[in-house]
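Colleague: Hi! I'm new to this one, could you walk me through it?
Modeller: Happy to, let's bring it up.

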Amino acid sequence: MRMDLVGDLLATLRIEPQDIADSGLSLHGRLDRLSTDEIRDLGRVAAPELVNRWDTPIGAMLPGLLHSQSEQVSTASLKTRSYNALLREGVATWGDVAELTPAQLFGLRNVGWLTVIDILTSSVEQSLRSHQARDAVEDSAPEDLDEELDEPSEHLVADEDQLETAMADLRNSGTWGINVANSLGALRTLATWGIRERDAKRLDDILELNPDSRPIPADLSAMWDDFGLVALADWADPALLDVTLDELAERLFANMDERQHTIYRRRVIDGVTLEVVGRELDVTRERIRQLQLKAETQIAAALKRSPFTLLHWRAADLRSSLGATAPIAHDITQSALEKSLRGASQNAAELLRPLILRLAGPFRERDSWMTLEQADIPEPADIEAMADEFGVLPLVDARDCLAAHGIRSEFHDAWLEHSGRFQHDGDRLLVWSGSVVDKSVALLAARGEPEDTESIVALVGEGHSVRGVRARFFEDERLVRVNRTHWALRAWGMEEYTGITDEIAQRIEGAGGEIEVAAVVREVVSQFGVKENSVLVYTAAPMFVVEGDRIRLRMDDEPIDVGGSLENCAGAFRSSERSVSLLIPADADLLRGSGRPLSGSVAVALGVSPGRPRSFLHASGALNVTWPMTAAIGPSLGSARVLATTAGATAGERVRLDFDLEQGRVSAERVPQHIDSHEDIDAIRLLTGITADSENALSLVADAVDVSPANVRRALSERGDMELAELLPRPEVDAHLRSTLSNLAQLIASG
């Protein structure tokens with residue numbers, strides 16, 4: 001094909017004409033009259049398209065390079081980074097560049113997209129400059145060439161020497177002959193690939209043509225059928241067809257001495273550090289680095305030679321199978337890795353595996369996944385950001401996002417599971433990285449109808465306490481109770497069920513301000529089917545006042561008599577004038593994030609009263625202490641899971657919460673299960689938060705639990721803090737008092 005115009009070049013490169021619309025070039029511009037800037041613009045347009053012809057040699061796409069194959073590449077035409085990348089791999093002339101494919105460019109060390117585009121752009125420029133210089137000479141094909149091609153059996157033969165001679169003659173016969181030779185070379189490569197990699201026998205095994213969609217004349221159709229019967233073996237490259245992976249492995253490492261081979265195996269295959277390999281071979285880390293670089297440079301140069309094209313083919317298939325990232329343990333991944341090394345012995349497979357992974361990507365093993373080094377892999381947060389306010393998104397949206405980042409559909413579920421932050425729910429995906437309440441909200445949003453607490457906890461499936469989760473539902477503004485057992489999202493606009501206390505209040509107001517306790521119990525039990533004892537319990541809620549056998553609503557200014565003494569509150573201490581400490585067990589409920597009931601006296605000590613909750617801040621959020629006016633069971637302590645886990649507490653141990661009443665903050669300290677190894681004073685501090693010495697420990701602890709020093713040991717034992725009681729020093733008895741008491745005892749005994 002004659003190439004005189006810009007449009008001619010675009011046609012040979014399969015570039016659509018509209019792709020040059022923004023470059024200012026004309027399809028009818030003569031190639032031999034393009035300015036330096038126009039050549040550069042054409043190079044920029046062509047380079048990205050050349051990348052798509054992954055396994056085609058650059059010289060086959062840009063025949064002009066063959067006219068300057070002995071010319072040295074230089075920084076005058078290439079960026080310094082591109083020049084260094086080529087020179088480091090032994091690519092010194094444009095002839096060397098012409099032998100490379102885009103796939104091989106990406107396989108060069110430290111070469112990425114921008115560098116490949118620069119090399120291809122410069123290759124287009126060099127080809128055009130060579131074309132301009134030789135245009136006058138290569139004006140037409142020799143007259144006798146048609147006669148030579150009339151009888152292909154004389155040139156297109158299986159004999160290797162004859163084929164090479166025929167193709168050399170074609171290349172020396174001018175532009176037309178070069179194009180024909182390149183086409184035959186491409187067919188030869190295609191035939192070899194089809195036999196080696198696709199088990200093809202004939203040309204029509206690998207050609208994809210659908211005559212039904214684009215009809216062709218009958219005579220051409222018959223010719224096409226005949227063309228498809230061509231045996232690929234007649235065209236294939238014997239050097240590539242017969243070579244084995246074991247032979248390739250042997251050739252790659254044939255010129256390495258034993259030390260280089262050892263360094264390559266230990267560093268590249270075994271992944272051992274420079275430090276360790278240096279110690280093994282008794283050389284410096286820097287020397288190991290140098291020898292490794294030399295070995296890898298030697299291998300990179302060898303990989304550019306013809307027999308090693310097989311490895312590039314295997315790498316291309318592997319990349320297609322793995323996509324941007326693939327779970328190593330997945331059947332598809334393992335099958336693709338095995339297929340890329342099929343036919344190799346175990347030793348050869350060990351040597352070639354890292355090479356093929358590098359050529360394919362390079363790929364790196366990271367956190368049980370095989371990931372393309374330059375791939376833009378999404379973070380779980382990217383998927384979470386696609387969810388609605390309740391943490392729900394269509395599963396198809398997540399899959400589209402993963403596919404857009406080059407992750408194969410077969411690996412989507414594995415990626416989502418590996419992230420640990422999502423849960424499937426039919427055709428929806430739920431964000432599964434928050435608290436049990438966040439997960440419950442997402443489940444309700446996905447189902448679109450109310451659920452009872454027990455069912456929600458079972459769906460979450462993490463073993464949470466139903467009672468604790470229900471308490472947290474009451475604290476969350478996103479949720480609303482719509483009947484005695486079921487919860488819904490407040491956004492649904494359903495009528496809120498305020499519970500038994502609200503039903504009692506309505507009947508009190510309906511009766512004119514007060515009603516008999518027995519009457520209200522009967523009515524509520526009859527209407528809602530709740531137990532009589534449950535209704536009686538709620539009559540003790542702070543919002544009510546029971547006087548005799550009648551009940552009424554508490555007035556706004558009517559005080560609530562709640563004692564504030566800590567004498568009977570196990571684990572609670574006024575550790576200083578402005579702080580209160582609370583010792584709680586690190587049980588399953590705490591570590592799951594459940595709240596817990598709290599003594600009314602402790603709540604008062606923390607500055608909490610009915611209808612007046614308080615939040616204590618900490619580094620990771622806030623700890624809420626609530627006491628609703630409707631609560632029949634008293635105040636509650638919110639989830640302290642974050643505080644406990646941050647302090648390092650594990651199941652069976654204890655956590656001491658220290659509340660700063662002035663600053664409104666809370667902190668936590670882990671208390672070991674056994675404190676026998678601690679000094680008594682230190683053990684007292686761990687249990688109470690009180691810093692004392694042997695002289696004042698008794699009095700300080702006594703003040704902390706609102707009793708006298710004389711009664712503190714008894715009070716601690718009675719409320720369940722027997723361990724602390726045993727740690728306190730016993731008070732010394734005055735000698736004179738001891739003598740007096742002894743005499744008194746003797747008088748009583750004798751009288």
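Colleague: How many residues are in the largest nonpolar core?
Modeller: This is a predicted model, and its largest nonpolar core has 53 residues. L252, L311 and I383 have the most contacts inside that core.

Colleague: And which helix gives the most to this core?
Modeller: That would be helix α19, residues 346–360, which gives nine residues.

Colleague: Nice. What is L311 in contact with, leaving aside neighbours within four places in sequence?
Modeller: L311 touches L245, L248, L252, L303, L352, I356 and L359. There is also a second, separate core of 29 residues, and I39, L50, V91 and V124 are among them.

Colleague: Switching topic: what is the mean pLDDT of the protein?
Modeller: The mean is 81, and 81% of the residues reach 70 or more.

Colleague: Where is confidence lowest, and where is it highest?
Modeller: Helix α8, residues 145–150, is lowest with a mean of 35, while strand β19, residues 654–660, is highest at 97. Over residues 136–158 the pLDDT is below 50, and this stretch has 21 contacts in the model beyond near neighbours in sequence. Residues 209–213 also stay under 50, and the model gives them one contact beyond four places in sequence.

Colleague: Which residue in β14 is the bridge partner of S576?
Modeller: S576 is partnered by S579.

Terms used: Residues numbered from 1 in each chain as written. Predicted model: local features only at pLDDT ≥ 70, side-chain atom pairs only at ≥ 80, totals over all residues. Heavy atoms only, no water. Core = buried A, V, L, I, M, F, W, Y, C linked by side-chain atoms within 4.5 Å. Buried < 20%, exposed > 50% of the residue type's maximum accessible area, 1.4 Å probe, protein only. Helix = DSSP H or I, 4+ residues; strand = E, 2+ residues; numbered from the N terminus. Contact = heavy atoms within 4.5 Å. pLDDT = per-residue confidence, 0-100. Pairing = 2+ DSSP bridges.
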